[in-house]
Amino acid sequence: GCTGCTPADAKAEYEVMKKELVDRFGETALSLEFIDTGGVNLAAYPEVERVIQAGYSFPITVINGSPRLAGGMPVDSIIQIVTDLQSEA
């Protein structure tokens, strides 16, 4: 996990996760974005704001508009979520 990590640590973890997801699903199948919320009004990201107010820690992983993971970006868990969502479609 990334508990207590810096924004640079979270960005590095994101890049690893992004590469694995793109390798697995292809670049055109996904839309990935890293948002550094430092100095940003969280009201612009209400789904993230709710999770943080509930006591969860950064980074927050949002998939299809729903917060799914907090405190880290475990690639295996994200792959499983995306796979499940694809099978539901």
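Is N64 buried or exposed? With a relative accessibility of 68%, N64 counts as exposed, where exposed means over 50% relative accessible area, buried under 20% and partly exposed in between (1.4 Å probe, protein chains only).

## Basis of the model

This is a predicted model, in which local features need pLDDT of at least 70, side-chain atom pairs count only at pLDDT 80 or more, and totals for chains, interfaces and linings use all residues. Residues are numbered from 1 along each chain as its sequence is written, and side-chain values use heavy atoms, with hydrogens and water left out.

## Overall architecture

The protein contains three helices and two strands, in the order α-α-β-β-α from the N terminus. Helices (H or I, at least four residues) and strands (E, at least two) are DSSP runs, numbered from the N terminus.

The C-alpha trace spans about 35 × 25 × 20 Å along its principal axes. Of the 89 residues in the protein, 29% are buried. Among contacts (heavy atoms within 4.5 Å) between residues at least 6 apart in sequence, 34% join residues at least 24 apart.

## Backbone features around the strands

Most residues other than glycine have a negative phi, and most peptide bonds are trans. N64 has a positive phi of about 55° although it is not a glycine; this residue is found in the loop between β1 and β2 (66-70).

A cis peptide bond, with omega about -5°, joins F58 and P59. P59 belongs to the loop between α2 (46-53) and β1 (60-63).
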